[in-house]
Amino acid sequence: MSDAFVRAAEAAQALRERAGVASFDAAVVLGSGWVPAADALGTPSAEIAVTDLPGFAPPAVAGHAGRIRVVECGGRHVLVFLGRTHLYEGHGTDAVVHGVRTALAAGVRTVVLTNAAGGLRPETQRVGEPVLISDHINLTGDHPLTGATFVDMSEAYSARLRDLARTADPSLAEGVYAALRGPTYETPAEIRMLRTLGADLVGMSTALETIAARRGLPDAEPAEVLAFSLVTNVAAGLSDRHLDHAEVLAEGRAAAARMGALLATLVPK
Ligand SMILES: Nc1nc2[nH]c(I)nc2c(=O)[nH]1
């Protein structure tokens, strides 16, 4: 078994012991600035800094380590990841997907990923709007898997869970998420390329985590994946405004409470 899978098993065991839970049912990964969404998922019975668990990368900002909340939501044991490791932090793809692999090793078979993203369709999207991810285009130039384990990605984002999401919120739009490495935002020419490629959203996370979830582990079945983007800015060149990361985070926080209500109805299913 690869070192990355061994580290995930070790982190899962440490998590089970710290949380006093033998097996978990679902994991929710929340992008930065999303604590209000986490609050809607329930009162945590435990909250663990990822730096206290094996295999997690150091925080991008000193003193702001990612945290994992253990909550019970609809009778299910749920891991809520506050923050994630991004590829642009330079720790490699295993670090980016370690949280998802740890969740799989801890028994999780439903993974909900959320992110903040740029919108490529200002003609139909509104900033502050959550969008259901229907598929992704991995343009990071990287990949978390090696070896001859071939993974079917024809339904990377669960049709069953997407139906449940649309039933819970019929106003939800859907879109294709383009994952780029970052840390730069795109040039206007790159945004025009992404629109031509059929992308509707652009961000710097999610796709590699989805790939890891759909591969599963040597001793864990693949997880179903549901993912949402929160459009927090119009992508470069599509409006006359420059990208300001502080504004972007403010939009995310404003809408996170609404997303929390949506997640709270979906996670128990
Ligand atoms: N690549 C990329 N990532 C993003 N994250 C957010 I929030 N907005 C963007 C964006 O416009 N481009």
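Cys 73 lies in strand S3 (residues 67-73); strands (E, at least two residues) and helices (H or I, at least four) are DSSP runs, numbered from the N terminus. The model is predicted, so local features need pLDDT of at least 70 and side-chain atom pairs count only at pLDDT 80 or more, while totals for chains, interfaces and linings use all residues. Residues are numbered from 1 along each chain as its sequence is written, and side-chain values use heavy atoms, without hydrogens and water.

The table gives the accessibility of two residues; buried means under 20% relative accessible area, exposed over 50%, and partly exposed in between (1.4 Å probe, protein chains only).

| Residue | Relative accessible area | Class |
|---|---|---|
| Cys 73 | 7% | buried |
| Leu 197 | 46% | partly exposed |

Leaving aside residues up to four places away in sequence, Cys 73 touches Leu 41, Val 78, Ala 264, Val 267 and Pro 268, where contact means heavy atoms within 4.5 Å. A separation of 9.1 Å is found between the C-alpha atoms of Cys 73 and Thr 265, which are 192 residues apart along the chain.

Leu 197 belongs to the loop between helix H5 (188-196) and strand S8 (201-203).

The structure also holds 3 cavities of 30 Å³ or more; on a 1 Å grid over the protein atoms alone, a cavity is a set of points where a 1.4 Å probe fits but cannot get out, and lining residues have an atom within 4 Å of a point. Grid points are joined across faces, edges and corners, and a volume is the space filled by probe spheres set on the points. The largest cavity has a volume of about 70 Å³. Its lining comprises 14 residues, with Val 96, Met 204, Ser 205, Thr 206 and Leu 208 nearest the centre. Strand S7 (173-180) and helix H6 (207-215) are the elements that give two or more residues to this lining, and H6 gives the most, with 3 residues.

Note on methods:
1 Å grid on protein atoms, 1.4 Å probe; cavity = no way out; pocket = protein on both sides within 12 Å on 5 of 7 lines; lining within 4 Å.
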